[in-house]
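Please look through the structure shown here.

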Amino acid sequence: MSFERCVPDPAMLARLMAELDTPMEEHESMIEAVDAVRHERFMQEIEADPRVREEWERFLFTSRDDEVDDF
């Protein structure tokens, strides 16, 4: 099939044009990619550093009711 015979889908073109108006840092795919990288780095840090792991576990296993009052 040659490109000359290709008929663009109007809905697809509208979506692509809307994405062009979205700044890169606000684009949904970019946000998901950055979140995935941050999660992976955090998990690596938890595995590599016992202090970080201890703090993370303390955070996970502490309920809001267990917090110390500062009175």
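In this predicted model, the side chains of Arg-58 and Glu-54 form a salt bridge, with N and O 2.9 Å apart. Both residues belong to helix H3, where they sit 4 residues apart, about one turn of the helix. An α-helix has 3.6 residues a turn, so residues three or four places apart point the same way. Arg-58 also forms a salt bridge with Glu-55, and here the closest N and O atoms are 2.6 Å apart. This second pair lies in H3 as well, 3 residues apart.

Another salt bridge joins Glu-57 and Arg-53, at 3.2 Å from N to O. Being 4 residues apart in H3, these two are separated by about one helical turn. Glu-57 is partly exposed at 32% relative accessibility, and Arg-53 is partly exposed at 41%. The structure holds 4 salt bridges.

Helix H3 covers residues 50-61. Its 12 residues reach 16 Å from the first C-alpha to the last, close to the 16 Å expected. Asp-49 caps the N-terminal end of H3, with a side-chain oxygen 3.0 Å from the backbone nitrogen of Arg-51.

Helix H1 spans residues 10-20 and includes Leu-16. Together with Met-12 and Leu-13, Leu-16 makes a nonpolar surface patch of about 250 Å². Leu-16 is partly exposed, at 39% relative accessible area.

Confidence is lowest in H1, with a mean pLDDT of 80, and highest in H3, at 93. The protein averages 81, and 85% of the residues score at least 70.

Technical notes. Residues numbered from 1 in each chain as written. Heavy atoms only, no water. Patch = residues over 30% accessible without salt bridge, like charges linked within 9 Å, V, L, I, M, F, W, Y side chains within 5 Å. Areas by Shrake-Rupley, 256 points an atom, 1.4 Å probe, with all protein chains shown as cover. Buried < 20%, exposed > 50% of the residue type's maximum accessible area, 1.4 Å probe, protein only. pLDDT = per-residue confidence, 0-100. Expected span 1.5 Å × (residues − 1). Polar contact = N/O pair within 3.5 Å; in protein donor to acceptor, adjacent residues only side chain to side chain.
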